[in-house]
Amino acid sequence: MSTITIPEPRSHDPLIYSGDLRVSAFWWRGRKNWGDELTPLLLKRFSHVDVVWAEHDKADIACVGSILGNLIKPEFTGVILGSGKLFKNGVVPPKATILALRGPLTARGIRGNYVCGDPGLLADELVTVDTKLHDLGIVAHWSDTTLATDARFAKYKPFIVDTKA
């Protein structure tokens, strides 16, 4: 019979064991933002860990949001799990452990073995829906004020999720 031993935590380990699995993560809280607020929910749902918020320079994980290069600085040495850049010239931290980047624009020029995909696309895994009520739902970025009224989507009579509410 084999036994599993849990090593003593080291500083800046992505998983800190203290009786329960816990991880510190950074997500933007400067303005109510539905996307960024998915970070603790997704980490808990798919990793089965307790998540605590930490300042960007003390966090072990950066997950959802356009936070690389502006909020998450080049000195970050934690885990990047799907974050993206807000600005084209934003820097993806070179000493971070990159497991996923949000998309090809963020990944441009970044070497390594990682996947591309926005963790926000997993949001539907956080809820149970018994009956489909709409053909199209639009969850626009908080700064996008025109997507909800875009004529291309009008024929679907979309349900607009107000991310600023």
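Biologist: Where is Asp-60 found?

Modeller: This is a predicted model, to begin with. Asp-60 is in the loop between β3 (50–53) and β4 (61–62).

Biologist: What is the nearest side chain of opposite charge to Asp-60, and how far away is it?

Modeller: That is Arg-22, 9.6 Å away. Asp-60 is buried but has no salt bridge. A salt bridge would need a Lys or Arg side-chain nitrogen within 4 Å of a carboxyl oxygen.

Biologist: Which side chain does the side chain of Asp-60 make a polar contact with?

Modeller: Ser-24. The two side chains make a polar contact at 2.7 Å.

Biologist: New topic. Which strand does Ile-67 lie in?

Modeller: Strand β5, which covers residues 66–68.

Biologist: And why does Ile-67 count as buried?

Modeller: Its relative accessibility is 1%, so Ile-67 counts as buried. The cut-off for buried is under 20%.

Biologist: What is Ile-67 in contact with, leaving aside neighbours within four places in sequence?

Modeller: Phe-26, Trp-28, Asp-36, Ala-62, Ile-72, Ser-83 and Gly-84.

Biologist: On to the largest nonpolar core. Which residues touch the most other members?

Modeller: Leu-68, Ile-72, Phe-76, Ile-80, Val-92, Ile-98 and Leu-101. That core has 15 residues. The elements giving two or more residues to this core are β5 and β8 (97–101).

Biologist: What about Val-92? Which residues is Val-92 in contact with, again leaving aside neighbours within four places?

Modeller: Leu-68, Ile-80, Lys-85, Ile-98, Leu-101, Thr-106 and Ile-110.

Biologist: What other core lies apart from the largest one?

Modeller: One of 12 residues. Leu-38, Leu-42, Ile-61 and Val-79 are among them.

Biologist: Zooming out, how many helices and strands does the protein chain have?

Modeller: It has 3 helices and 11 strands. Along the sequence, the pattern is β-β-α-β-β-β-β-β-β-α-β-β-α-β.

Biologist: What share of the chain is buried?

Modeller: Buried residues make up 32% of its 165 residues. The accessible surface comes to about 11,200 Å². Carbon and sulfur atoms hold 56% of that surface.

Biologist: Last one. What share of the contacts with a separation of 6 or more comes from residues 24 or more positions apart?

Modeller: Such pairs account for 39% of those contacts in the protein chain.

How values were computed
Residues are numbered from 1 along each chain as its sequence is written. This is a predicted model: local features need pLDDT of at least 70, side-chain atom pairs count only at pLDDT 80 or more; totals for chains, interfaces and linings use all residues. Side-chain values use heavy atoms; hydrogens and water are left out. Helices (H or I, at least four residues) and strands (E, at least two) are DSSP runs, numbered from the N terminus. Buried means under 20% relative accessible area, exposed over 50%, partly exposed in between (1.4 Å probe, protein chains only). Lys and Arg count as positive and Asp and Glu as negative; His and the chain ends are not counted. A polar contact is a pair of N or O atoms within 3.5 Å; within protein, one must be able to donate a hydrogen and the other to accept it, and residues adjacent in sequence count only if both atoms are side-chain atoms. Contact means heavy atoms within 4.5 Å. A nonpolar core is a set of buried Ala, Val, Leu, Ile, Met, Phe, Trp, Tyr and Cys residues joined through side-chain atoms within 4.5 Å. Accessible areas come from the Shrake-Rupley method with a 1.4 Å probe; for residues, only the protein chains shown count as cover.
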